[in-house]
Amino acid sequence: YRALSIAGVAKVVPEECQEDYANRATFRAGAIRLFKEFRSMVADPTLCGRPKVESAGPGGTRLGEVMCTAAVALHFEQTLTAVEGSLDAAQAAENKAAFQDALKLARLHYDKERRVFVENVPASGVIDYSTPDGRFFNPGHSVEVAWFLLRVVEVVPDSEAEGIALKALLGSLEAGWDTEHGGIFYMQDILGKPLLDATVVSEGKLWWPHTEAIYACMLAFARTKDQAYLDWLGKGHD
């Protein structure tokens, strides 16, 4: 967010401002530097003084890495493009690499049978439901990743990834919907087993998964005109 805010400042600094400490080029360079640092920190949290989270096991990946990489790269590209009209070759390549990383990770976390993105994947790159961490499913995150991918493929066309995103959106809503009381569950064990621990119990309902679902369904319907997404949009809104 710091990189995005600095890039945003670059967007509003007048072109004629030539002060060394407050010109467009200075803010742009600072934002790009922070963006590169951010990508390094996602790969190795110890660079920013945080421990490596091993919920996916040593060498495993977490769905949050997909969300961080995709979300920041998307906003960063939009902001810098607004500043300059287009990106230079070096920055365009950096952003493309970030998008491709996000697409690669998303594929690892996608369960084709259940049509959802799971939270943790071990170093083997194969989803493992033999452990509680491996079975951990957050419907809101899965929906969020689906719409991130729909936006990413606008920049880096990938028909397979687009298909995965559209399927995962419906699969996540179907798996995460409370058929008795309505609304999207916050946390679940994908096989229906008890959760070991959670800051919010699985029956809890929070606002943000529903806003993610509303936006995702609007985006999917605009792309496909498939009535299924419009129907889910109505349920999420209600």
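Predicted model: local features only at pLDDT ≥ 70, side-chain atom pairs only at ≥ 80, totals over all residues.

**A loop residue and its surroundings**

Modeller: Arg115 is partly exposed, because its relative accessible area of 26% falls between the limits of 20% and 50%. Arg115 belongs to the loop that runs between strand 2 and strand 3, the latter covering residues 116–117. Its backbone deserves attention: phi is near 60°, a positive value in a residue that is not glycine. As a general rule, most residues other than glycine have a negative phi. Lys225 also has a positive phi, of about 60°, without being a glycine. Lys225 sits in the loop between helix 8 and helix 9, and it counts as exposed because its relative accessible area is 57%, over the limit of 50%.

Let us return to strand 2, which spans residues 110–111 and includes Asp111. Asp111 is buried, since its relative accessibility of 8% is under 20%. Another is the side chain of Tyr129, in a polar contact of 2.5 Å. When residues up to four places away in sequence are left out, Asp111 touches Val116, Ile127 and Tyr129.

Val145 shows how separate stretches meet: setting aside neighbours within four places in sequence, Val145 is in contact with Leu63, Val66, Met67, Ala106 and Phe117.

In general, side chains of opposite charge can pair when their charged atoms come close. The model contains ten salt bridges. In one of them, Arg107 and Asp158 meet with N and O atoms 2.9 Å apart. This pair joins distant parts of the chain, for Arg107 is in helix 4 and Asp158 is in the loop between helix 6 and helix 7, 51 residues apart. Arg107 is partly exposed, at 31% relative accessible area.

A second pair consists of Asp189 and Arg135, whose closest N and O atoms are 2.7 Å apart. Asp189 lies in strand 6 (residues 188–189) and Arg135 in helix 5 (residues 132–135), so that this bridge also connects distant parts of the chain, 54 residues apart. Are the two partners buried or exposed? Asp189 is buried, at 8% relative accessibility, and Arg135 is buried as well, at 7%. Elsewhere, salt bridges with shared partners join Arg151, Glu154, Glu162 and Arg223 into one network.

Finally, the whole chain supplies the setting. It has nine helices and six strands, and buried residues make up 46% of its 238 residues. Among contacts with a separation of 6 or more, 63% are between residues 24 or more positions apart.

Note on methods
Residues numbered from 1 in each chain as written. Heavy atoms only, no water. Helix = DSSP H or I, 4+ residues; strand = E, 2+ residues; numbered from the N terminus. Buried < 20%, exposed > 50% of the residue type's maximum accessible area, 1.4 Å probe, protein only. Polar contact = N/O pair within 3.5 Å; in protein donor to acceptor, adjacent residues only side chain to side chain. Contact = heavy atoms within 4.5 Å. Salt bridge = Lys/Arg side-chain N within 4 Å of Asp/Glu carboxyl O.
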